[in-house]
Amino acid sequence: MNFIIALQPEARPLIDRYKLVKRNDTTSFPIFENENHRLIISGMGRINAAAATGFLLSQIDHDSEAILNLGIAGHGELPINTPFIANRVFHVEEKNVHYPPPVIDCSIARSALQTCNASEKAYAQQIGYDMEAHSICSVAYKSITRELVQIIKVVSDNPSRPLDSFEPKTATDLISAQLSLIVEIAEHLDSLAQSISKDPKIFSLIKKIKIRHHFSATQTHQLEKIIHQAHILGLEHSEIIKISNSSTTARNFFHDLNQKLEPLRRLS
Amino acid sequence: MIDTIYFEEQVADHPRANALFLRFPQADRIPCTHYKEVFNPSGQNFRIQKKKPALILAKNSGKLVHPVPATYGIGGKENYYFSHMLNCLYDCRYCFLQGMYPSAHYLLFINYEDFLEEIEKVAAEKPNQASWFFSGYDCDSLALEKLTRFAQAALPFFANHTSAHLELRTKSVATQILENEDPLPNVVTAFSFTPKEISEVIEKEVPSVSSRIQAMKRLSEKGWKLGIRLDPIIDCNDFEKLYESLISEIFANVTIGSIHSVSLGPFRLPDPFFKRMEKLYPEEPLFASNLEKRGRSVSYCNEIEEHRIRICKRFILQHLPPEKLFFCQPSEE
């Protein structure tokens, strides 16, 4: 599970909650992590957000990890301290409008969000205003399944209480107040990500078989496919290993495994 | 049922959009300029979206009625399809929609009058010949009728345009709209089936086979013409026994006179669709069946396919004259 957050005071409640430890090996953007969570501090604004997202993507192994952009935001209508999910994210200078798919099933406000070049003072529409989300979506969508990229903001200012200056303690307090909801959403996203991720046992099995035989590039694809099928059709992994050990070549292995699978290939 | 409604700004004030907003007052309403902004982007996950699809309301201003491949049809010479809706309430693992569309959201084109106008024009080109219009290519024709009210809008049109014939293809038992109306001789409601044992495994959220047969029976008793679609035919253990049992059960409940047609179609998918579906559901045993790539399609190997169709044909012809039996073959091998 990954978090992108503009400023450290906004991130502090999550760093404490998950006991995240700062990594020492990166200089570009501060990264805090534990075994299951990674949090990157992007800095404010679109360019920082895009660069940090790109950097984060370089740290992610596959496309089934979720990213949550969290932070404070202005809003033209919602009261201070209200958390909301962005359902439409746009920037006036950008052609693409992003629609984060509605996958979070919990009681939380939904709102459009305009990413601005500077903090919004006029609150012209009854929508949210931030400085990062559009860039994060634009970059993250290139690598990550759209459902797994979500934007959660907590209202810090609105027409009745406009933003004068950034108060670090206020930002920390606003996020802290919504921490249980944020954790619930993060867990939900993480379980969605796991529901579409590939079974690591299959990969380790493929790795074992590849040590035993030489497979060309085409055969490697065939190997991945047939091991997947053998798994689906209920053949024990130990049985697959046995066939691999008794085969003299990759070709033999395919032949023997196919023979074993043949009677299992009809639906029952 | 619907938590999110995207709508094109141009249909925001359309009476059908307003009716749906009223029906789902709690739904999050999100405007968009064009439905493609929401529906078309790559990188969406059909499987995740299928758990809770949103509704997209749009106007289709392109070509609305399309010719059907020559190898498909149920007896008519002029065959067309139209899609007032993309995607389906049900979740059948063999369905090509999951491989064709990037999104699982229900996309509803609410300009029904434009569809009917184009159907009228196409039918008028051959006024002395029956033209068939198939509505269930990209959605189930009746499953979301309570929401779409499409059949409600289309039936009066077909009552007044008798050279235009409509096929409503469905797995739904929501047939009240038809049961409450007088039957029309140019409308066929075609029910799709796989045997009960297969349906329970690979047709998620679909009403049971017996409840669908009961829906057919009700329509038959009301005088509506019916179709039976064994398409796709799914290979399985005890194939003969399961398909014989299915076919016998259908014909035991529905009078032969109300059957307009039966069609048989082999399991086949365009190769790119199959690859996407395999990737979406890597744990699905159906995709590990004896399938092979033939031309641009993935299907059972020839021997299996021909044998299974032959078996179904034999069972059907025990109940029905051959002129009512049709075969849907892939148009490109």
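Predicted model: local features only at pLDDT ≥ 70, side-chain atom pairs only at ≥ 80, totals over all residues.
Me: Which residues have the most contacts inside the largest nonpolar core?

Reply: That core has 90 residues, and Ile228(B) is among those with the most contacts inside it.

Me: How do strands of a sheet pair?

Reply: They pair through backbone hydrogen bonds, in either a parallel or an antiparallel sense. In chain B, five strands form an open sheet with mixed pairing, in the order β2-β1-β3-β8-β6. Its edge strands, each pairing on one side only, are β2 (28–32) and β6 (85–86) of chain B.

Me: In which sense do β3 and β8 of chain B pair, and over how many bridges?

Reply: Strand β3 (residues 55–58) and strand β8 (residues 106–109) of chain B pair in the parallel sense, over four bridges.

Me: Is Ser192(B) buried or exposed?

Reply: The cut-off for a buried residue is 20 or more other C-beta atoms within 10 Å of its own. Ser192(B) is buried because 23 other C-beta atoms lie within 10 Å. Ser192(B) lies in strand β11 (residues 187–192) of chain B.

Me: Which residues is Ser192(B) in contact with, beyond its neighbours within four places in sequence?

Reply: The contacts of Ser192(B) are Arg169(B), Lys171(B), Arg229(B) and Asp231(B). Asp231(B) is 39 residues apart from Ser192(B) along the chain, yet their C-alpha atoms are separated by 6.7 Å.

Me: How many residues does each chain give to the contact between chains A and B?

Reply: Chain A gives 24 residues and chain B gives 29. On the chain A side, the elements that give two or more residues are β6 (83–90) and α7 (217–232). The largest share, three residues, comes from α7(A). By type, the chain A side divides into eleven nonpolar, five polar and eight charged residues.

Me: What is the domain assignment of chain A?

Reply: Chain A is assigned domain 1 (2–195) and domain 2 (200–264). Taken over C-alpha atoms, the centres of these two domains of chain A are separated by 43 Å.

Methods
Residues numbered from 1 in each chain as written. Chains lettered and ligands numbered in written order. Buried ≥ 20, exposed ≤ 12 C-beta atoms within 10 Å, placed from the backbone. Contact = placed C-beta atoms within 7 Å. Nonpolar A, V, L, I, M, F, W, Y, C, P; charged D, E, K, R; others polar. Core = buried A, V, L, I, M, F, W, Y, C linked by C-beta atoms within 7 Å. Pairing = 2+ DSSP bridges. Domains from an automatic or database assignment.
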